Amino acid sequence: VCHNYSFDSHVIENYGIKVTGFHADTMHLARLWDSNRRTDGGYSLEGLTNDPRVMSDVGKDLIKTGKVSMKTIFGTKKIRKDGGEGKVVYIEPVEKLQREDRKMWICYSSLDSVNTLKLYESLKSKLEAKEWIFDGCPRGTMYDFYEEYWRPFGSLLVKMETEGMLVDRAYLSEIEKTAVAERKLAADKFRQWASEYSPDAKYMNVNSDIQLRQLFFAGIENRHKHGETWPQSKMFKVRNDENIAPEGQKASKFRTIELSGIVEDLKIDMFAPNGWPSVSIDALKILSGKIPMDQIYTIEDDQERDEYSNGSELPEQDIEAASSYGTAYEPFGGGKKGTEACHAIAALCERSSIDKLISSFILPLQGDNISCKEGRIHCSLNINTETGRLSARIPNLQMLLSQMG
């Protein structure tokens, strides 16, 4: 029984030891029992074994102490130059801990093993108490489901990670060109729309949280600091990619723009730790709603925009789709104006997703700094218990694989 069998087996096999006899992965069991622990302690051994709800079915003969982190046991604070203790906690290399503090290291390792056993017994009991029903017919318990499907699948994933997968770098290079073009198109759509309300938004940095917050939440009060409000307009220094310069002067590398608020009373439920409204992708998606992909990469020319903006009624074919728009629809006036706003914000979200795809996947896989053998990459795979979809730790791998066929 392992907690994170994939990691354990790869580490052991790095020393030439082939692992067999896989019985269960407590991380998989925990996900099968509760697939929504992201904000409730997660799926680490420490988080699970110190959660009374998870460990409620542990036998009375087993100790009740959950996993204790290495930082708690072996961590020491770094000493500042003045001789006092700093805030940063430092842990000595494992090789040193095993020798210089051997008894404590043995206790730490043994406690991990005991806790993995405790966690397995508790989760097995919980899954055995849950009925497995397929197409309306009882098939046994959810632990039977684990043994029939998840255990063999766990072994298969490890083999896939060990073997790796072939990568066509030439094709990735072509995908990069497409992604870069779509990223620019999505960013231009948002800037063009925002510049109708705040002219200098045409030159803004769409990656800047502060500039986005200026557009959407000017005048809002900080939820942590009563009386402190975001200014109605603000000056920003941005790159002068258009080489704009005063007459008779040489264009500088940067220029100053002024951004003003473009909407009032925009509803927001997500806030950053500093008390200001969040402009994360999750927050922006709430504003935009669910916009079809084919409507994101289109930029109307001036004539089409004028025709689209005249009047306040939606085209008949868009009336039903209005229900899928986000919380920005009404504050921007509803109708065509609200539609434009949701589409533009959706383009901003898509731009960010493409940027992550390029930086986290396309570019690294074309470089020489990845772990490759004969053109293969090695990635960690997962199965979503709710959707059944296979995914990887590399962001958007699923999407790129579908494009590669």
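**Exercise 1. Find where Glu174 sits and decide how exposed Glu174 is.**

Step 1: Start with the element: Glu174 belongs to helix α8, where helices are DSSP runs of H or I with at least four residues, strands are E runs of at least two, and both are numbered from the N terminus.

Before going on, note that this is a predicted model, in which local features need pLDDT of at least 70, side-chain atom pairs count only at pLDDT 80 or more, and totals for chains, interfaces and linings use all residues. Residues are numbered from 1 along each chain as its sequence is written, and side-chain values use heavy atoms, with hydrogens and water left out.

Step 2: Glu174 has 42% relative accessibility, so Glu174 counts as partly exposed (buried is under 20% relative accessible area, exposed is over 50%, partly exposed is in between, with a 1.4 Å probe and protein chains only).

Step 3: Now look along the chain: Glu174 and Ile362 are 188 residues apart, and their C-alpha atoms are separated by 10.0 Å.

**Exercise 2. Work out whether His343 is buried or exposed, and list its contacts beyond four places in sequence.**

Step 1: Locate His343 in helix α12.

Step 2: The relative accessible area of His343 is 12%, so His343 is buried.

Step 3: Setting aside neighbours within four places in sequence, His343 touches Lys189, Ile291, Gln295 and Tyr325 (contact means heavy atoms within 4.5 Å).

**Exercise 3. Describe how α1 and α7 pack.**

Step 1: Helix α1 (residues 5–13) and helix α7 (residues 142–163) pack at about 45°, with axes 10 Å apart (axes are lines fitted to C-alpha atoms, for helices over the stretch in contact, and angles run from 0 to 180 degrees between N-to-C directions).

Step 2: The two helices are therefore oblique to each other (under 35 degrees is roughly parallel, over 145 roughly antiparallel, 65 to 115 roughly perpendicular, and the rest oblique).

Step 3: From α1 come Tyr5, Ser6, Ser9, His10 and Glu13, and from α7 come Gly154, Ser155, Val158, Glu161 and Thr162.

**Exercise 4. Explore the largest nonpolar core.**

Step 1: This core has 38 residues, and Phe190, Trp193, Met204, Leu215, Phe216 and Phe332 touch the most other members (a nonpolar core is a set of buried Ala, Val, Leu, Ile, Met, Phe, Trp, Tyr and Cys residues joined through side-chain atoms within 4.5 Å).

Step 2: Helix α12 gives the largest share of this core, eight residues.

Step 3: Beyond four places in sequence, Trp193 is in contact with Phe216, Ile262, Phe332, Glu340, Ala341 and Ala344.
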